[in-house]
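Colleague: Could you walk me through this one? I'd like to go through it slowly, one piece at a time.

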Amino acid sequence: MHGKERPNGDKISSIFILIVLEFYMLQKEGSIMTEEILRTGGCLCGKSRYQTRGDSPRAIMCHCRYCQTYTGSAFGTQVWFPEDKVTLTSGELSKYDNNTETGNVVTLNFCKNCGSTIFLRLNVFQGMVAIPGGSFDPPTFWFVPQVENFCRTKAPFIETSTSEKHDTHPMYNPKKPDNHPVK
Ligand SMILES: [Zn+2]
Ligand SMILES: [Zn+2]
């Protein structure tokens, strides 16, 4: 009886190993899918659309006068991604380079048709692109901003629970007066 059971036992062990392997592969596949979660968004008119892959490493709120004027709102929300995780899937974009008093250049890309900004780039953050938070399709606010910058010009009616708040920016080092047309 012993002799007969042994080959069967080996077979069962092999099947068990295969099941474990398959389970491991499925788990791995699952985790890759979680890392590469796809999100979409776009401009007001719907012509310029983008897709992002994976989660953003950093989301910030910015209360600077530039963000207030380019959005026309109380603050800007920038959700940063590595450049290769963001694809423009439709539409045509124009651009505007904003030369700031720090010597940095913020490049805004906006829909040629409706003018909504959907990408921002900062010359000192090579390889990264920021997406204005409100442009994501629902569920729009899937990200949690970790930092707030330029609180010195924050609208008095904005109250948040963000733990890291800066009067300007930790690396803010103006080389000339703020070039904003209206302070
Ligand atoms: Zn548009
Ligand atoms: Zn700003």
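Colleague: Which residue is the bridge partner of threonine 52 in strand 5?

Modeller: The bridge partner of threonine 52 in strand 5 is valine 86. Helices (H or I, at least four residues) and strands (E, at least two) are DSSP runs, numbered from the N terminus. This is a predicted model, in which local features need pLDDT of at least 70 and side-chain atom pairs count only at pLDDT 80 or more, while totals for chains, interfaces and linings use all residues. Residues are numbered from 1 along each chain as its sequence is written, and chains are lettered from A and ligands numbered from 1 in the order in which they are written.

Colleague: And over how many bridges do strand 2 and strand 5 pair?

Modeller: Strand 2, which covers residues 49-53, pairs with strand 5 in the antiparallel sense over 4 bridges, where pairing requires that DSSP finds at least two bridges between the two strands.

Colleague: What order do the strands of that sheet have?

Modeller: The sheet is open and has 3 strands in the order 1-2-5, with antiparallel pairing. Strand 1 (38-42) and strand 5 (86-90) stand at the edges with a single partner strand each, so one side of each has no neighbour in the sheet.

Colleague: What holds paired strands together in general?

Modeller: Strands of a sheet pair through backbone hydrogen bonds, and they do so either parallel or antiparallel.

Colleague: New topic: is strand 3 mostly covered or mostly open?

Modeller: Strand 3, residues 58-62, is mostly covered, as 4 of its 5 residues are buried; a residue is buried if 20 or more other C-beta atoms lie within 10 Å of its own, exposed if 12 or fewer, and partly exposed in between, with C-beta atoms placed from the backbone.

Colleague: Which strands does strand 3 pair with?

Modeller: Strand 3 pairs with strand 4 (residues 76-82) in the antiparallel sense over 5 bridges, and alanine 59 stands opposite valine 79 in strand 4. Strand 3 is also joined by 3 bridges to strand 10 (residues 147-149), and these two run parallel, with isoleucine 60 opposite valine 147 in strand 10.

Colleague: Where is threonine 168, and why is it called partly exposed?

Modeller: Threonine 168 is found in the segment after strand 11 (164-165), and it counts as partly exposed because 16 other C-beta atoms lie within 10 Å. Leaving aside neighbours within four places in sequence, threonine 168 is in contact (C-beta atoms, placed from the backbone, within 7 Å) with Asn149, Phe150 and Arg152.

Colleague: And the whole protein, how many helices and strands?

Modeller: The protein has 2 helices and 11 strands, and 22% of its 183 residues count as buried.

Note on methods: Contact = placed C-beta atoms within 7 Å.
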